[in-house]
Amino acid sequence: MHGEYKVPGGKLVVVDVDVEDGMLRHVRVAGDFFLEPDEALDAVNGALEGAPADTDTAGLAARIEAALPAGTVMYGLSSEGVGIAVRRALAHATDWTDYDWQLVHEAAQPPALHMALDEVLTAEVAAGRRPPTLRVWEWAAPAVIIGSFQSLRNEVDPRGAARHGIEVVRRISGGGAMFVEPGNTITYSLSVPDSLVQGLSFQDSYAYLDDWVLGALGDMGVRAWYQPLNDIATDQGKIAGAAQKRIVGPGGGPGAVLHHVTMAYDIDADKMVEVLRIGREKLSDKGTSSAKKRVDPLRRQTGLPREAVIDRMIGSFRARYGLAQGKVTDEELARAAELARVKFTSPQWTARVP
């Protein structure tokens, strides 16, 4: 069995392993990491050899830590990362490069239709009728998107939203409210088979699916990192938030993961705080006293037009994993339009948590 895992902000770890009588056998760890002294690699392999195959990531990491020679230095590598690679091997996880990725980047669409497209396209990936897809959104109108489990009245000031002509929609994933305006926001979705994140914890899957965009930002001179559970941050502040939804496949079979990210390119902070009810308690764990300081726009950090940032992100993804131009099919669009009508614009859904 073969497993791979790129440590967030680090290097690739590759594990080949067999299972015999419920035990790990013939363990071989490799990768482009740095490890000193040389005999530390033998210690890692030896620590895993004979471990029960059902040992979790933390247990595998503990075995490795206990076996490492004194003074061992790991660079681009961690004991937990090796454990994750083992678990991914045992789960028969797939890798980014195992797929023919498709890009969907189309004309601006209404907020409710975007919510519906996320659900429809991810269900199509789960059913095996669509390849893994990177969809870059273009917004036809400003909106507030609230998480699946958020209280509408607690998150949104209806008078502020009405005054600024801002539509409120609820997405299918959890997480917090997002304030978006055309031209000021960069949003994308990944619709991927769940095998891509097999062997990863829920938290690790966020870091894993965000890693490519951290590289893309780095190429633009922005040093960014994943900040648990679902933020992307820089030393100048938060720049993005992610959310996920798992969709079960037909008949309860293998499914798919929706991972979508909203990035602040530029932001009207005054308008945002008039529309969103951002309380002091919510801000207290962010180490900031003002909502205006929570999000630092990409425009200032990159010095690039929004379109150029998007083009570079797409180019970075394509260089890493390959990316063919695609589109939403007529059938998918029709299904999404109907779903937007009956679900995502309905008061029953939007106010399902009043």
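This is a predicted model: local features need pLDDT of at least 70, side-chain atom pairs count only at pLDDT 80 or more; totals for chains, interfaces and linings use all residues.
Reader: Which residue does a cis peptide bond join to Pro228?
Author: The loop in question lies between β12 (224-227) and β13 (231-234). Omega there is about 0 degrees, and the partner of Pro228 is Leu229.

Reader: Is Asp21 buried or exposed?
Author: Asp21 lies in the loop between β2 (12-20) and β3 (23-31), and has a positive phi of about 55 degrees although it is not a glycine. Buried means under 20% relative accessible area, exposed over 50%, and partly exposed in between (1.4 Å probe, protein chains only). With a relative accessible area of 79%, Asp21 is therefore exposed.

Reader: What is the relative accessibility of His92?
Author: His92 is found in the loop between α3 and β6. Its phi is positive, near 55 degrees, in a residue other than glycine. His92 counts as exposed because its relative accessibility is 57%.

Reader: On to the rings: how many aromatic pairs are there in the whole structure?
Author: Rings of Phe, Tyr and Trp (its six-membered ring) pair if their centres lie within 6.5 Å; planes under 30 degrees apart count as stacked, over 60 as edge-to-face and the rest as tilted. A search of the whole structure gives an aromatic pair count of 14.

Reader: Why is the pair of Phe34 and Tyr75 called tilted, and what is the plane angle?
Author: Phe34 in strand β4 (residues 34-36) and Tyr75 in strand β5 (residues 73-75) are 41 residues apart, so the pair links distant parts of the chain. Phe34 counts as partly exposed at 49% relative accessibility, while Tyr75 is exposed at 57%. The ring centres are 5.8 Å apart, and the pair is tilted because the planes meet at 50 degrees.

Reader: What is the angle between the planes of Trp96 and Phe317?
Author: These rings form an edge-to-face pair, 6.0 Å centre to centre. Trp96, in the loop between α3 (79-90) and β6 (102-105), is 221 residues from Phe317 in helix α11 (residues 306-321). Trp96 is buried at 4% relative accessibility, as is Phe317 at 0%. The angle between their planes is 75 degrees.

Technical notes
Residues are numbered from 1 along each chain as its sequence is written. Side-chain values use heavy atoms; hydrogens and water are left out. Helices (H or I, at least four residues) and strands (E, at least two) are DSSP runs, numbered from the N terminus.
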